[in-house]
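Subject: Structure handover

Hello,

Here is the structure you will be taking over. My notes on it follow below.

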Amino acid sequence: MSTRLRPVLCLAAAGLATVAGCESTSGTLPEPVTPPSAPAPVPAPRPAELRLDGIDPCTLFTEAQLDELKITEQPEPLPADNQREGPTCSLPVAKGEPHYTYYVEAITGADLEAWVTGDRRNGSKITEPRQVERFPALTHHGRGSSPSDCETLVGVAAGQTLRVQLYPVTRGAFDQRQLCELSAGAAALAVKTLGSRG
């Protein structure tokens, strides 16, 4: 061990217990302590405030963007009793294989921090920071070897989050990385449209 690190370790230990073993005479070093796992950090600040108040998520994609996403049916708002936290739009890819659906949701009552340290934090999910069109974002999905979906959460404004979930109808067609990249790609298009409204 570097002699520069040994005093630091001794000082850190002094507040917790007697430091009898810091200057070891046996030449052996203490076992390294594994720090507890920390939640994913929230990414860098957003470049602008893109408010979601009154936004219909079905209007966040141009015709060209719908073609790019291979959407095969008209985007359709989910009924109010089938929404989670805000207006939600269903965008299906239903011709040919595989079949899958994007769900785009305008959440006006939660910031990204809610999924990192707040009431939406879920230890059974993997939450990783990323950027979407220079906006802070999170990739959020379940653990395990059989991926079921992936969400991209974009902090578009203070206290507001754009959620884009990709749900595969055809099972086994995508691995987890592919689900998350498709979700992030759709989120990037929605943020572009939102930003173009100024």
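Two strands pair if DSSP finds at least two bridges between them; helices (H or I, at least four residues) and strands (E, at least two) are DSSP runs, numbered from the N terminus. This is a predicted model, in which local features need pLDDT of at least 70, side-chain atom pairs count only at pLDDT 80 or more, and totals for chains, interfaces and linings use all residues. Residues are numbered from 1 along each chain as its sequence is written, and side-chain values use heavy atoms, with hydrogens and water left out.

Strand β4 (residues 125–132) runs antiparallel to β5, with 8 bridges between them. Gln131 has Pro136 in β5 as its bridge partner.

In β5 (residues 135–142), 8 of 8 residues are buried (under 20% relative accessible area with a 1.4 Å probe, protein chains only; exposed is over 50%, partly exposed in between).

The whole structure holds 2 aromatic pairs (rings of Phe, Tyr and Trp, its six-membered ring, with centres within 6.5 Å; planes under 30 degrees apart are stacked, over 60 edge-to-face, the rest tilted). Tyr100 and Tyr102 have ring centres 5.9 Å apart and planes at 75°, so they are edge-to-face. Tyr100 and Phe174 are also edge-to-face, at 5.3 Å and 90°. Tyr100, Tyr102 and Phe174 form one aromatic cluster.

Regards
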